[in-house]
Amino acid sequence: MEIFETCQTINLLLQSNNDKDARNELIKLLDYHEENQIPYSSLVNHLIRETGLFPYLDAETSNWEDRFVFEIFKVNTGEEKSLTLHREQSSLLKKLIDGKSIAVSAPTSFGKSFVIDAFIAIKEPKNVVIIVPTIALTDETRRRLFKKFAHSYKIITTPEVELGEKNIFIFPQERAIYYMDKISAIDILIIDEFYKAGIAFDKDRAPILLKAILELGNKAKQRYYLAPNISNLNDSLFTAGMDFIPLDFNTVFSHITECYKENEAQFPNFKEKKLIEILNKKVTKTLIYAGTFTNIDVITNVLNANLFNVKHKRLNDFSNWLKSNYHPQYILSDIVKKGVGIHNGQLHRSLSQIQIKLFEEENGGLNNIISTSSIIEGVNTSAENVIIWANKNGRPNLNDFTYKNIVGRGGRMFRHFIGKVYLFEQPPTQESTQLSLDFTDDLLNSLDAEKYEGDLTREQLIKIIAFNNEMDSVLGFDTYKKLMKENAFQNVNSNNLKIIAIDMKNNPQKWNGLNYLNSENPNDWDTNLYLVLNYAGGVGTIHRDFVAFIKAISKNWQNDIPTILSGLRSNDVTIEKFFELERTASFKLTSILNDINILQKHILNRSCDISSFISKISHSFLPKFVYELEEYGLPRMLSRKIQNSGLINLENENNTIHGLLEEFNRIGKEYMVENIKDIHPFEKYIIDYFYDGIKMKNK
């Protein structure tokens with residue numbers, strides 16, 4: 001590469017206002033410098049400044065003007081040292097500091113977290129609410145902010161936590177419901193991946209997120225919504241008073257190789273051979289987007305058969321730990337020895353986090369992750385290579401929006417200037433993405449017509465009143481309205497709610513046995529579990545096997561997972577199915593049971609209360625804090641050892657999650673490791689990771 005000629009090309013592009021191409025050419029030039037260990041010249045530094053990529057400036061080789069820019073764009077982001085923002089980050093931060101509410105569309109590599117952190121560090125707001133799409137992102141965000149702000153703020157991620165003087169709330173939209181009445185005022189409401197409020201993107205969760213945006217947005221002095229790849233945003237009540245800012249400012253370059261066009265692409269096993277060829281070319285971090293669960297199995301088998309074991313003690317320990325604690329034939333235990341992890345939305349939260357930790361580390365051992373769309377929705381990770389195995393997102397084909405999101409995982413500032421993307425199938429047709437945030441019937445039926453009378457159309461108001469009247473005829477006058485004000489219902493499917501209520505009213509004898517769910521004998525649960533499952537929608541297996549599963553995990557704290565799986569052999573519950581069903585039970589089943597419990601109190605007018613059973617199942621029959629600690633990266637089997645060793649009483653429900661974390665910090669990591677009985681070598685690594693997420697930095 002001729003450096004001077006390339007600089008000339010970049011300068012000409014800048015002069016013709018072609019900033020994006022200029023930036024791409026510059027990023028490729030910076031990559032060339034890094035590959036060949038060439039110091040930046042003053043000319044290269046000047047072009048970095050001109051393209052707005054200020055963090056890339058080399059203060060040692062810059063002239064005084066460029067050094068000055070590098071310094072004046074430094075801000076406090078809660079780190080020990082101030083960090084330099086790029087031009088567009090600085091522009092957004094200024095708007096927020098000035099009190100504006102903004103909805104931003106920016107690429108994955110933009111560096112949005114720096115803007116949030118800088119705002120908190122500079123403005124010191126009292127109450128910050130951050131809504132993220134998944135539990136995994138909740139912990140990732142918590143870890144980042146805890147290290148920076150735990151001295152000044154109470155970081156809240158779980159329900160039923162007492163508020164502090166200053167709070168940062170981080171939770172997915174489903175959890176936001178618990179705090180809608182507890183937070184009286186919000187200084188800034190941040191919605192990460194706010195595109196999920198569009199029905200076209202996530203029809204199941206959109207109504208809940210829209211409700212959170214509406215209810216919490218009314219209490220917020222300021223709002224900051226973030227998403228990638230949105231071209232247009234419709235005007236609506238959900239974004240009223242906000243400026244929409246679409247940004248196409250990339251900090252890395254995506255180099256796309258269309259493997260599906262190669263001559264050999266039509267030959268059998270082309271994908272398998274190409275995958276191995278790419279992985280053998282260079283040892284680097286690679287994300288393999290599978291597209292479907294079936295493809296994860298296919299890719300896993302290919303890599304298991306074709307890659308050599310990595311000589312890495314930690315991965316060998318991880319493999320043995322997986323065999324002991326999950327299942328002797330768990331495929332993940334074999335594939336991690338090859339330096340490969342598996343990520344999907346159904347794994348235990350701690351298990352997903354541990355794999356991402358191993359993948360993020362320079363020498364962590366895991367160089368490859370096979371994933372579904374969970375890798376783009378659940379975590380903020382990236383890699384040098386991204387391989388798109390299939391143009392699928394489950395059953396449907398990938399749309400252009402999701403495709404761009406996956407491609408955006410290639411490359412990362414200061415680690416990989418160029419993200420290398422390999423396409424094994426033709427990508428979707430390029431299109432602009434319109435995000436439309438609209439009232440759904442489910443959302444309308446959960447609103448107070450009087451409160452939003454001035455914001456809704458006549459037709460919408462008629463729908464709300466008609467639904468309220470129907471529910472009043474079953475529950476009693478104004479009961480439904482009162483319950484909705486209290487955010488009592490967890491399930492936003494109003495039609496399903498109505499069906500259950502009417503059936504309860506017309507067939508009370510059918511629902512009279514709910515109290516049996518409070519029995520300590522799981523065999524007493526069968527009839528009522530079958531009844532409830534009729535209203536729960538699909539649960540991923542036939543009802544007989546799901547009921548057997550619920551009864552089996554009632555011993556989750558007493559028995560280890562291999563023992564539970566052994567008892568479910570006749571129900572065809574594999575370790576992968578175990579993860580799926582446990583997630584369905586703790587979220588979907590809990591939600592429908594909660595709503596049934598509320599309805600039966602008002603319709604059947606009895607003293608029956610199954611909230612104790614609901615609480616148990618919401619925690620997968622583990623002690624409440626054991627279940628919550630999995631979100632912090634501490635697996636249940638390690639919690640069991642801590643309990644058995646008498647180090648901390650994790651069964652004490654009179655404690656609080658923050659009280660427990662203080663106990664962990666008082667005991668200290670070293671003492672904990674030394675005194676856990678029968679600690680596995682890999683569990684020392686887990687303890688280290690867990691403590692890294694709960695220990696405050698010394699100020």
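Me: Buried means under 20% relative accessible area, exposed means over 50%, and partly exposed lies in between. How does Lys271 read, buried or exposed?

Reply: This is a predicted model. Compare the relative accessible area with the cut-off. Lys271 has 19%, so it is buried, as the limit is under 20%.

Me: Which residue forms a salt bridge with Lys271?

Reply: Look for a side-chain nitrogen of Lys or Arg within 4 Å of a carboxyl oxygen of Asp or Glu. Here the partner is Glu425, and the closest N and O atoms are 2.6 Å apart. Glu425 has a relative accessible area of 29%, so it counts as partly exposed.

Me: What does Lys274 pair with?

Reply: Its side chain meets that of Glu262 in a salt bridge, 3.1 Å from N to O. Lys274, at 10% relative accessible area, is buried. Glu262, at 25%, is partly exposed.

Me: Where do Lys203 and Asp204 stand, buried or exposed?

Reply: Both are exposed. They form a salt bridge too, with the closest N and O atoms 3.7 Å apart.

Me: How many salt bridges does the rule count?

Reply: The count comes to 53. Some bridges share partners. Glu79, Asp117, Arg144 and Lys148 are linked in one network of salt bridges.

Me: Which strand pairs with S13, and in which sense, parallel or antiparallel?

Reply: Count the bridges, then check the direction. Strand S14 (residues 368–371) is joined to S13 by 4 bridges, and the two run parallel. Ile342 stands opposite Ile370 in S14. Then follow the connection. S13, helix H14 (residues 349–360) and S14 make a β-α-β unit, and that unit is right-handed.

Me: What polar contact does Ser373 make with its side chain?

Reply: First place the residue. Ser373 is in the loop between S14 and helix H15 (374–377). Its relative accessibility is 13%, so it counts as buried. Its side chain joins that of Asn393 in a polar contact of 3.5 Å.

Me: Which backbone nitrogen lies 3.3 Å from a polar side-chain atom of Asp202?

Reply: That of Arg205. Asp202 is found in the loop between strand S7 (188–192) and helix H9 (206–217). At 14% relative accessible area, Asp202 is buried.

Me: Now the surface. Which residues make a nonpolar patch of about 380 Å²?

Reply: Look for nonpolar side chains with over 30% relative accessible area. Trp64, Phe68 and Ile72 make the patch. Trp64 is in helix H4 (residues 64–72). Its relative accessibility is 60%, so Trp64 counts as exposed.

Key. Residues numbered from 1 in each chain as written. Predicted model: local features only at pLDDT ≥ 70, side-chain atom pairs only at ≥ 80, totals over all residues. Heavy atoms only, no water. Buried < 20%, exposed > 50% of the residue type's maximum accessible area, 1.4 Å probe, protein only. Pairing = 2+ DSSP bridges. Right-handed = clockwise from strand over helix to strand, strands pointing away. Polar contact = N/O pair within 3.5 Å; in protein donor to acceptor, adjacent residues only side chain to side chain. Patch = residues over 30% accessible without salt bridge, like charges linked within 9 Å, V, L, I, M, F, W, Y side chains within 5 Å. Areas by Shrake-Rupley, 256 points an atom, 1.4 Å probe, with all protein chains shown as cover.
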